[in-house]
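This report covers salt bridges, nonpolar cores and a few individual residues. The sequence and structure come first.

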Amino acid sequence: MNQINNIILPEPTLRRLPWYLAYVETLQKNDVEFVSSTQISRALSVDASQIAKDLSFLNIRGKTRIGYEVAALAEGLSEFLGFSQCHRAYMIGCGSLGEALIRDSGLSKYGLEIVAGFDVNPQVVSRTDLGVPIYHIDRIYEIMEENPASIGILAVPSEMAQESADIAIGAGVKAIWNFTPYRVKVAEGIVMANTSIYAHLALIFNRLNSMER
């Protein structure tokens with residue numbers, strides 16, 4: 001949960017806010033000036049009353065018969081979500097997934113700047129074509145002093161996930177974004193987010209299999 005003005009923001013609301021932002025940014029590119037919660041509801045299949053409630057947590061309210069001002073809504077959502085600020089990160093594990101995340105320009109659009117990568121494979125560590133320096137994980141303490149970051153993104157093999165997280169946290173990382181299927185444990189005070197590609201893949205396979213029976 002996030003907290004704003006002493007109000008605890010429910011996690012489901014936090015998960016929906018980026019949907020709203022992506023939609024209103026599309027409207028903004030098409031020079032649309034106002035949008036109603038009903039229009040957002042139709043586009044995203046979220047109940048209009050839920051949208052109004054979600055946005056009220058941010059003190060964003062629409063005008064009767066007009067709706068929300070698109071530019072103001074986009075700016076307010078981006079600022080609240082932290083996308084308008086720069087958050088520096090380390091890529092821990094620079095194989096195929098790590099490389100893809102480093103090369104993903106969309107992350108920087110939303111405020112995440114990957115400033116360095118770390119790996120244990122000598123062939124990966126020697127790479128100079130990813131746009132950021134790649135170091136052996138043993139150098140993370142040294143690099144933290146020279147080029148600090150607050151977020152560690154894990155894309156390592158499952159058996160290395162906990163150890164890699166511990167090393168990153170020990171070096172001073174304050175948040176872990178875990179892309180491995182392993183459920184990493186962190187101490188209180190460390191921000192933790194799991195993005196399991198394999199869990200969602202299993203969900204897709206299961207639903208497909210159910211449809212085919």
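Tyr-182 is found in the loop between strand 9 (175–178) and strand 10 (191–194); helices (H or I, at least four residues) and strands (E, at least two) are DSSP runs numbered from the N terminus. The model is predicted, so local features need pLDDT of at least 70 and side-chain atom pairs count only at pLDDT 80 or more, while totals for chains, interfaces and linings use all residues. Residues are numbered from 1 along each chain as its sequence is written, and side-chain values use heavy atoms, with hydrogens and water left out.

With a relative accessible area of 36%, Tyr-182 is partly exposed (buried means under 20%, exposed over 50%, partly exposed in between; 1.4 Å probe, protein chains only). Not counting residues up to four places away in sequence, Tyr-182 touches Ser-158, Ala-161, Gln-162 and Asn-194, contact meaning heavy atoms within 4.5 Å. Gln-162, in helix 9 (residues 161–171), is buried at 19%.

The largest nonpolar core has 22 residues, and Leu-17, Tyr-20 and Leu-55 are among those with the most contacts inside it. Such a core is a set of buried Ala, Val, Leu, Ile, Met, Phe, Trp, Tyr and Cys residues joined through side-chain atoms within 4.5 Å. Helix 1 (11–29), helix 3 (48–56) and helix 4 (70–81) each supply at least two residues of this core. Another core, of 21 residues, lies apart from it and includes Ile-92 and Val-173.

The whole structure holds 8 salt bridges, each a side-chain nitrogen of Lys or Arg within 4 Å of a carboxyl oxygen of Asp or Glu.

| Pair | Closest N and O atoms |
|---|---|
| Glu-11 and Arg-15 | 2.7 Å |
| Arg-127 and Glu-99 | 3.0 Å |

Glu-11 and Arg-15 both lie in helix 1, 4 residues apart. Glu-25 lies in helix 1 and Lys-109 in helix 6 (residues 105–109), so this pair ties together parts that are 84 residues apart in sequence. Glu-25 is buried at 18%, whereas Lys-109 is partly exposed at 47%. Glu-99, Arg-103, Arg-127 and Asp-129 are linked in a network of salt bridges.

Asp-119, in strand 6 (residues 112–119), is buried yet has no salt bridge; Arg-127, the nearest side chain of opposite charge, is 8.6 Å away. In this count Lys and Arg are positive and Asp and Glu negative, with His and the chain ends not counted.
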